[in-house]
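This report describes selected features of a protein model shown together with a ligand. Please keep the sequence and the structure in view while reading.

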Amino acid sequence: MNLKELNPNQLEAVKSTGGPILIFAGAGSGKTRVLTYKIAYLIEEIGLPPENILAVTFTNKAAQEMKERITSLIKEDVSKMSIGTFHSICAGILRKNIHHLGYTNSFTIYDSSDSKTLVKNIIKKMNLDPKQFNPSSYQYMISSKKNLLLSPTEVSESAIGYIDEKLAEIYMHYQNELEENNALDFDDLLILPIKLFDKNLNALNYYRDKFKYILVDEYQDTNKPQFQFINMLSEIHRDICVVGDDDQSIYGWRGADVRNILEFSQQYPDSKIVKLEQNYRSTSNILNAAYSVVSKNQNRADKKLWTKNEEGSKIRLIECHDDRYEANQVLKYIYESDFAKSETVILYRTNAQSRVIEDVLRKNAVPYQIIGGVKFYERKEIKDILAYLRIAVNPMDNLSFERVVNFPPRGIGNTSINKIKDYMEKGELNYLDLTNTIDNLSIGAKQKNELRNFLIFIQSLNNNKNKSAIEVLLDIVNEIDLKNYYLNQPNIESHERWKNVEELILSIEEYSEQNQGKDLSDFLEEVSLLTDIDRYNQDYDSVTLMTLHSAKGLEYSLVFIVGLEEGLFPLTAYSSLDSDIDEERRLFYVGATRTMKQLVLSYANKRMRYGYESISSQRSRFVDELPKELLDTKQLYTSQYQTHSANKKYNIKVHSSFEIGDRVEHKVFGKGEVLKIEGSGDLEKIVIRFTGNTVKKLIKKYANLSRIN
Ligand code: ATP
Ligand code: MG
């Protein structure tokens, strides 16, 4: 293989095998490239079979790309190599071994909204006030405890005071329910392999022997369970290579622990450290700007980073009077620049910021892709079908059963559902156990009948284990007559839901074709572990919008970082802990170092929050941490209001009352048609279909609508 494409330090990192290695280096210095070459080197030069390699990447997409790159380097079949995210690698191990831990291998993976529903149900059942015991907060707290590998009993033992005790109790019920449903949440995926290895030495030895060489990218963002997992597998053979950059640690809020990388050489005293100091990605102006901000952090390991690349243009800084103007400035800049749209990314701190930018791009017919927002697999109509598929695989998944027992509506109302749930809980039954005991339920005859038919259908799904994913899906869609259910409803929303179901059908069809031999549970696993970025295609000629967090590892010629305002980026308040500000600063560093050629920063003096309230804002301290001589602050417009004059094309009058069928214009969503008006007074709501078929319900008082003639 051709190793000429590596510099001497990179080459050393690739060739050093036998013993632990830490590759510790700044952004764009070729860490990921080294990892890729190293795998190719291990296979081709050292002769290690691909199935003996475990490589962990931060996204499934990164894994896919790395795999393709390796194949192009050595033209060898690497399909047996284990490469993927921690979650997918762990799910694979559990699928084969989870019976040792009291689950069955048809377990369901609950996503974050499923977990939240579970927590919510528990809080309700415990008769606690959901205002005081907010399900999202408790979900977050439970997850934090799990990430510290603390069991409900341990949390209970160390509880001080009422709130702590309740947390322990909710956590305990939560964990019990997961187990009863034969379901795992995302945290369990990482924790259970550790439990398995603790409990079952054979399994541990098997994987120690299988994964003879272990490589981990983005090691600075590993959490405690991930650290432990890697450590258990590698502590005997010690053939482990981790790469990372402490300045890019941005997941502390989710339990990542930067000490894992900073203390690697204490953990492995026999380790070799390779530093990469040449950056290949960015111009020197960009590197200097990024460094000037991140170097304000106290707790960091200083690293050299230099580049042979040109100095490049200055960092463009744009001050805007409000967020709408900011979006227009971004648009204007995109028009003026020579970079391809596929080479352009707009980064922001919070998903909510995308709306106004999207609106401006859409109105001006600039193609864009947005990563994040409402994810396809989290849409209601998709989750409903997935719930059917889940119960077809896992007969213990009561949460999914509850979701669809009355969907599409079959006359089993909430009162009946609650009675069924009570009955199941008292007898510790699954829904399939109900088949024989239906007559004991105190629900109406019609409901019993419907429930019976539903159960017969579910049972038939369960009995058809050898059917492919697509066959099962079509059985379901036909049986519940889903198409007619949606298309017979006289609203666009339902028609769109059906369109999404069709998209799901297509994607399962494609999956079944491309993955011969994989079944429905493989499909469900893959879907549960998909992240937004995995559905992203950088080849399209479109601008990309995403949060700063999603941009990790990627690179673009033209990068915008918008919303550089105190309270937004940094997202924390002035009074916050230094460590929180430090993480925000690292996030800025990650964002800025995605840039190859041109970085554009912007902030607004006023910003709409929550759709109607305009809040004045102060520019981010990060802007002031940039050296003046690196900045270009000339404005793009002579008049700040130039773009707004576009509105003059229509004859706009502000009306206090609207009628169905009126054509209206909204500042953010653009033009639309009034479909419905509900309520009155302060709570009067107005349903509008906007261009692009998005239907929104807005509170009239705040919507600030204008009627267009
Ligand atoms: P990050 O910290 O952002 O994850 P990284 O350290 O992983 O970055 P890579 O993504 O591997 O860096 O490399 C950055 C860019 O530099 C890529 O476009 C890569 O192809 C290029 N590059 C790396 N090393 C070399 C080299 N020796 N010669 C030419 N280009 C290189
Ligand atoms: Mg990388």
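## Aromatic pairs

In this predicted model, the number of aromatic pairs comes to 21. One of them joins Phe-133 and Tyr-162. The centres of these two rings are 6.3 Å apart and their planes meet at 70°. Planes over 60 degrees apart count as edge-to-face, so the pair of Phe-133 and Tyr-162 is edge-to-face.

Where do Phe-133 and Tyr-162 lie? Phe-133 belongs to the loop between helix 5 (112-125) and helix 6 (135-147), whereas Tyr-162 is part of helix 8 (residues 162-180). The pair therefore ties together parts that are 29 residues apart in sequence.

Several polar atoms of the protein can be located beside the ligand. An N or O atom in the side chain of Arg-281 is 2.8 Å from an oxygen atom of ligand 1. The side chain of Gln-10 has an N or O atom at 2.9 Å from a nitrogen atom of ligand 1. Gly-28 takes part through its backbone: a polar backbone atom of this residue is 3.0 Å from an oxygen atom of the ligand. On its own, ligand 1 has 630 Å² of accessible area, and the protein covers 81% of it.

One open sheet is built from 6 strands in the order 3-2-6-7-1-8, and their pairing is parallel. At its edges are strand 3 (82-84) and strand 8 (272-276), each of which pairs on one side only. Neighbouring strands of this sheet are turned against each other by 10° on average, with direction ignored.

Strand 1 (residues 21-25) runs parallel to strand 8 and is joined to it by 5 bridges. Within this pairing, Val-274 of strand 8 stands opposite Ile-23.

Strand 11 and strand 12 (residues 543-547) are paired in the parallel sense over 3 bridges. Tyr-368 has Val-543 in strand 12 as its bridge partner.

## Backbone exceptions

Most peptide bonds are trans, and most residues other than glycine have a negative phi. The following places in the backbone depart from these patterns.

The peptide bond from Phe-407 to Pro-408 is cis, and its omega is near -10°. Pro-408 is located in the loop between helix 18 (398-404) and helix 19 (414-426). Phe-569 and Pro-570 are also joined by a cis peptide bond, with omega about 5°. Pro-570 lies in the loop that runs between strand 13 (556-561) and helix 26 (578-592). Glu-218 is not a glycine, yet its phi is positive, at about 50°. This residue occurs in the loop between strand 6 (213-216) and helix 11 (224-234).

Conventions:
Residues numbered from 1 in each chain as written. Chains lettered and ligands numbered in written order. Predicted model: local features only at pLDDT ≥ 70, side-chain atom pairs only at ≥ 80, totals over all residues. Heavy atoms only, no water. Polar contact = N/O pair within 3.5 Å; in protein donor to acceptor, adjacent residues only side chain to side chain. Areas by Shrake-Rupley, 256 points an atom, 1.4 Å probe, with all protein chains shown as cover. Pairing = 2+ DSSP bridges. Helix = DSSP H or I, 4+ residues; strand = E, 2+ residues; numbered from the N terminus. Axes fitted to C-alpha atoms, helices over the stretch in contact; angles between N-to-C directions. Phe/Tyr/Trp six-rings, centres within 6.5 Å; stacked < 30°, edge-to-face > 60°.
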